[in-house]
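This briefing is meant for a reader who is meeting the structure for the first time. Please keep the sequence and the model in view while reading the points below.

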Amino acid sequence: MSVVSVGAAATSATENGVVRHGRGSNRRRRGPRLRYLSLVALLVLWFVADKADWISADTFPGPGAVWHAAVDLAQSGKLADALQVSLTRVVIGGLIGVVLGVVLGLLSGFSHLAESVLDTPLQALRAVPFTALVPIFILWLGIGEAPKIAIVAFAVFFPVYINTYAGIRSVDVKYAEVAQVYGLSRVAVARRVLLPGALPGILVGIRYALALSWISVIVAEQLNASSGIGFLLVNARQFLQVDVMFVCLVLYALLGVVTDLVYRLVERRLLVWRRGFDGA
Amino acid sequence: MSDQRAVVVDGVSKDFGAHRVLDDLSLRLEPGSFTALLGASGSGKSTLLRILAGLDEEFEGRVVVPPRVSVAFQEPRLLPWASVLDNVVLGLDKRARPLGAQTLAEVGLAEKSGAWPLTLSGGQAQRASLARALVREPELLLLDEPFGALDALTRRSMHQLTLDLWRAHAPTVLLVTHDVEEALRLADRVVVLQGGVIGFDAEVPEDRGLRMEKPAVLHLRRELYGALGVDVVTA
Ligand SMILES: Nc1ncnc2c1ncn2[C@@H]1O[C@H](COP(=O)(O)OP(=O)(O)OP(=O)(O)O)[C@@H](O)[C@H]1O
Ligand SMILES: [Mg+2]
């Protein structure tokens, strides 16, 4: 007989076999807390690096200087303006791209005819980086809002299209067979089986698209704009306002985090039926 | 009413590559009859059911089935993104929801009607799948081992439920099972699929409920085990 100690290891091998200890239910997840803790650690590191003069204020301002620059920008109203302009472009361009991506992805997924017409040209177009299109879009659409929105829509479209299409094709035929046996119409099969079955894939595409929407709007604004966060960054570079440049960088990071948070909330609501592995 | 609703399988052959699963198989199921289909694993029972359900059109020969066919698949196949009740009434009118809820109650899943299928146990999922097949009053009911994952007691009550529904609406039933006792208890005819054809075909004598101890049924049971290649000494 061997004695099993109740301790740190949840599983231990003894001569009698493998012993598993339950961890109890409703275990508090330490994931979220750790997530924020590592962010705070990074900030502290930044702070210390500044105080200890490991970084030079001319090229890498400390948190204090960046904070002051942010406050200045906020008080002058420039920050809110830039945010609003960029956000509008992201939302409009993103919506256009997501809707087009979902619709064409569904078409290619549902019908072999649509697939053969759409898919090859779209795959070819996908190889074109959206940055290369900025001058073309300016040429075609002028220098107003349209080219920026078009860039965002273009960048967002492809991940959504590809994942929607792949999502439809990955729906298990056994579910489609159930629908067929029970006499669902083609439309009903699409709505009740293919669309919900493809939803996890579609959401993966949208998640990529959200990240790309911010990247693409910044690129568009850096190359040609007189407003927006990207413009703020270019402008700051011209006047060597390193602290303002850092404000923009932090802002990007924050926008990315917030966008992802919103996405996670939506995803959790839409995919409640899933019982997948969500991390150890 | 009689002849049009009969199920006819006429010289059906089915190949998977070089492997011939059904080989010029013919079978006729009278309207309202209850037939049990037995056969070794891999003998082609599910294949035959798929052809009858219209899910496989790549076969030789001819089948005739009534318009309303209902299937309980070998795996439950509940749509994971629809609630249990939504699964049961899939493809039916909104007005069928109360009936769906009632059928769920009859299979003992009243409190699970709003649950997600992935949270059901194996036996619960199988009962929900059975409810989905039974709720729609089909003319042909195809059941592919629908009681496999159930404990003995639940299995008995699902047998009773299936018989009740059969008596009420008189669908033609084809029940695939590996369980000889179950076949003899429920069906009025047993057929065995072997070598790609119906190799054994017999009426089950005597009244349901009273029949299991009757000599004629015991004799048939022995014959069935023989046809399935099981040693009868202990069985
Ligand atoms: N899609 C397929 N592709 C290739 N072979 C298949 C396919 N479906 C079935 N088969 C083969 O056909 C044969 C019959 O399969 P089927 O599922 O009809 O057996 P079954 O009698 O239902 O068996 P079980 O009792 O184990 O469910 C098996 O040898 C199987 O491997
Ligand atoms: Mg089978």
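Predicted model: local features only at pLDDT ≥ 70, side-chain atom pairs only at ≥ 80, totals over all residues.

**Overall form of chain B**

- Chain B holds seven helices and nine strands, and its C-alpha atoms occupy a box of roughly 45 × 40 × 35 Å when the box is taken along the principal axes.
- The radius of gyration of chain B is 18 Å, which agrees with the value near 18 Å that a compact globule of 235 residues would have.

**The two domains of chain B**

- The domain assignment divides chain B into domain 1, made of residues 2-68 + 139-234, and domain 2, made of residues 79-137.
- Between the C-alpha centres of domain 1 of chain B and domain 2 of chain B the distance is 24 Å, and the contact involves 16 residues from domain 1 of chain B together with eleven residues from domain 2 of chain B.
- About 1,100 Å² is buried between domain 1 of chain B and domain 2 of chain B, and carbon and sulfur atoms give 70% of that area.
- On the side of domain 1 of chain B, the residues that lose the most area to domain 2 of chain B are Met158(B), Leu161(B) and Leu165(B), which together make up 34% of what that side buries.
- How many salt bridges are counted between domain 1 of chain B and domain 2 of chain B? The count is zero, while five residue pairs are found in polar contact across the interface of domain 1 of chain B and domain 2 of chain B, with both residues at pLDDT 80 or more.
- Strand S6 (140-144) and helix H5 (152-169) of chain B each supply at least two residues of the side of domain 1 of chain B that touches domain 2 of chain B, and H5(B) gives the most to that side, with six residues.
- By residue class, the side of domain 1 of chain B that touches domain 2 of chain B consists of nine nonpolar, four polar and three charged residues.

**The interface between chain B and chain A**

- The contact between the chains draws on 22 residues from chain B and 17 residues from chain A.
- Chain B and chain A bury about 1,900 Å² between them, with 67% of this area on carbon and sulfur atoms.
- Of the area that chain B buries against chain A, 35% is supplied by Trp81(B), Leu90(B) and Leu118(B), which is more than any other three residues supply.
- Two salt bridges are counted between chain B and chain A, and a salt bridge is formed by the side chains of Glu177(A) and Arg50(B), at 2.8 Å from N to O.
- Six residue pairs are in polar contact across the interface of chain B and chain A, again with both residues at pLDDT 80 or more.
- On the side of chain B that touches chain A, the elements giving two or more residues are strand S5 (69-72) and helix H4 (122-134) of chain B, and S5(B) gives the most, with three residues.
- The residues on the side of chain B that touches chain A divide into 13 nonpolar, three polar and six charged.

**Salt bridges**

- Over all chains, the count of salt bridges comes to 23.
- Arg20(B) and Glu60(B) form a salt bridge in which the closest N and O atoms are 3.7 Å apart.
- Because Arg20(B) lies in strand S2 (residues 19-29) of chain B and Glu60(B) lies in strand S4 (residues 60-64) of chain B, this pair ties together parts that are 40 residues apart in sequence.
- In general, side chains of opposite charge can pair when their charged atoms come close.

**Single residues to look at**

- Asp24(B), which is placed in strand S2 of chain B, has a positive phi of about 60° although it is not a glycine.
- Ala170(B), found in the loop between H5 and strand S7 (172-176) of chain B, has a phi near 50°, a positive value in a residue other than glycine.
- In chain A, Ala150(A) lies in helix H6 (residues 145-169), and, leaving aside its neighbours within four places in sequence, Ala150(A) is in contact with Phe137(A) and Leu141(A).
- The C-alpha atoms of Ala150(A) and Gly93(A) are separated by 6.2 Å, although the two residues are 57 residues apart along the chain.

Definitions and conventions
Residues numbered from 1 in each chain as written. Chains lettered and ligands numbered in written order. Heavy atoms only, no water. Domains from an automatic or database assignment. Contact = heavy atoms within 4.5 Å. Buried area = accessible area lost by both parts, 1.4 Å probe. Salt bridge = Lys/Arg side-chain N within 4 Å of Asp/Glu carboxyl O. Polar contact = N/O pair within 3.5 Å; in protein donor to acceptor, adjacent residues only side chain to side chain. Helix = DSSP H or I, 4+ residues; strand = E, 2+ residues; numbered from the N terminus. Nonpolar A, V, L, I, M, F, W, Y, C, P; charged D, E, K, R; others polar. Rg over C-alpha atoms; globule rule 2.2 N^0.38 Å.
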